[in-house]
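Please look through the model below before reading on. The paragraphs that follow take up its surface, its charged pairs and its pocket in turn.

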Amino acid sequence: MQKIMFGLKMKRICSICARGGSKGVVNKNIRMLMGKPLIAHTILQAREANCFDLVVVSSDSLEILNISKEWGADMVVERPADLASDHSAKFPAIKHCIKTIEKKVGYQFDTIVDLDATSPLRIIDDIHNSLKMIENSDSANNLVTGSPSRRSPYFNLVELNKNGFVNVSKSLDDPVIRRQDSPECFDLNASIYIWKRKAFYNTEVVISNNTSLYVMPEERSIDIDSELDFEIVTLLIKNRDLIE
C-alpha cells in the first residue's frame with residue numbers, strides 16, 4: 001500500500017515510547033484494553049494512518065518490545081535504564097530512539113512523530129491533520145496537541161503564595177470577571193508530538209517560540225495516568241464502537 005504523502009515527499013518515522021515501570025496503573029502499556037494491549041491501539045493507529053516509513057517502539061521492557069513486534073511495530077529499540085526511570089524526561093528517550101534507528105537503516109527522516117501509547121483516543125484524522133499542519137508551515141518547527149482547558153489560569157486556576165494564601169495564577173490589567181472572557185488556554189494532551197528534523201536535533205525542549213498547536217476535543221484527549229483514566233478511556237472506546 002502506497003504511503004499517504006499530503007502532496008509533500010517526506011520521509012516520516014513514528015516512535016512510540018513505553019516504559020516498563022508504571023505506578024499509577026501497573027503495567028499500563030501492556031494492560032488489556034478492549035481485547036488488545038494498550039500499546040497495540042497506538043501501533044495499529046500508526047499503521048492504519050499509512051503515512052510513515054517506519055513505526056518504531058522504544059522501551060526498557062523486553063516484554064513490551066516483544067508484544068509490540070507481535071502487533072506490527074516495524075522495529076524496536078531497547079531503551080537504556082538511565083532514560084527509563086521515574087524521573088526521566090521523554091524527549092531524550094525519543095531522541096535516543098530516532099538516532100538508533102537512523103544508524104541502523106542508514107538514512108534520515110524529514111519528519112519525526114511521536115504517538116503516546118497512553119493516549120489511545122486519537123483518530124487517524126488527528127494524525128493526518130497534524131502532519132499537514134506542520135509540514136505545510138514555513139515557520140513552525142514542531143507541533144504538540146492539546147484540548148481546550150477546563151480551568152483558566154486567568155480565572156479559576158490558583159496558586160498558593162508565600163503567605164499560604166491563593167492568587168490567580170496569571171493576572172491581567174483588567175481582572176477577568178467571567179471565565180468566558182479569559183484568554184483561550186489549552187491542556188496539552190500528550191497525544192501527538194511532531195518535529196521537523198532540524199528542529200528535533202537542535203533543541204532539548206518540547207515547547208519553543210515556533211511550536212504549533214493542533215487542537216483536539218476533550219473526548220479524544222485523555223492521557224491514561226490513573227485507574228480512573230483507564231476506566232474512562234474504556235467507556236469512551238466502547239461508546240465509540242457502538243456509534244460506529
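A residue is called buried under 20% relative accessible area, exposed over 50%, and partly exposed in between, with a 1.4 Å probe and protein chains only. By this scale Val158 is partly exposed, because its relative accessibility is 47%. The model is a predicted one, in which local features need pLDDT of at least 70 and side-chain atom pairs count only at pLDDT 80 or more, while totals for chains, interfaces and linings use all residues. Residues are numbered from 1 along each chain as its sequence is written, and side-chain values use heavy atoms, with hydrogens and water left out.

Val158 belongs to strand S8, and together with Leu160, Val166 and Val168 it forms a nonpolar surface patch whose accessible area is about 370 Å². Such a patch joins nonpolar side chains (Val, Leu, Ile, Met, Phe, Trp, Tyr) within 5 Å, taken from residues with over 30% relative accessible area and no salt bridge. Strands S8 (158-160) and S9 (166-168) each supply at least two of the patch residues.

Side chains of opposite charge can pair when their charged atoms come close. With a salt bridge defined as a side-chain nitrogen of Lys or Arg within 4 Å of a carboxyl oxygen of Asp or Glu, the count comes to ten. In one of them, the side chains of Asp114 and Lys90 meet at 2.6 Å, N to O. Asp114 lies in strand S6 (residues 111-115) and Lys90 in helix H3 (residues 90-105), so this pair ties together parts that are 24 residues apart in sequence. Asp114 is buried, at 0% relative accessibility, whereas Lys90 counts as partly exposed because its relative accessible area is 25%.

In another salt bridge, the closest N and O atoms of Asp126 and Arg220 are 2.8 Å apart. Here Asp126 in helix H4 (residues 124-135) is linked to Arg220 in the loop between strand S11 (211-215) and helix H6 (227-243), 94 residues apart, and both Asp126 and Arg220 are buried.

The largest pocket holds about 460 Å³ of space; a pocket here is an open set of points on a 1 Å grid where a 1.4 Å probe fits, with protein on both sides within 12 Å along at least five of seven lines, and lining residues have an atom within 4 Å of a point. Its lining has 22 residues, of which Arg19, Gly21, Lys28, Asp116 and Thr118 lie nearest the centre. The lining divides into six nonpolar, seven polar and nine charged residues.

Terms used: Grid points are joined across faces, edges and corners, and a volume is the space filled by probe spheres set on the points. Ala, Val, Leu, Ile, Met, Phe, Trp, Tyr, Cys and Pro count as nonpolar, Asp, Glu, Lys and Arg as charged, and the others, Gly among them, as polar. Patches are made of residues with over 30% relative accessible area and no salt bridge: like charges are joined within 9 Å, nonpolar side chains (Val, Leu, Ile, Met, Phe, Trp, Tyr) within 5 Å. Accessible areas come from the Shrake-Rupley method with a 1.4 Å probe; for residues, only the protein chains shown count as cover. Helices (H or I, at least four residues) and strands (E, at least two) are DSSP runs, numbered from the N terminus.
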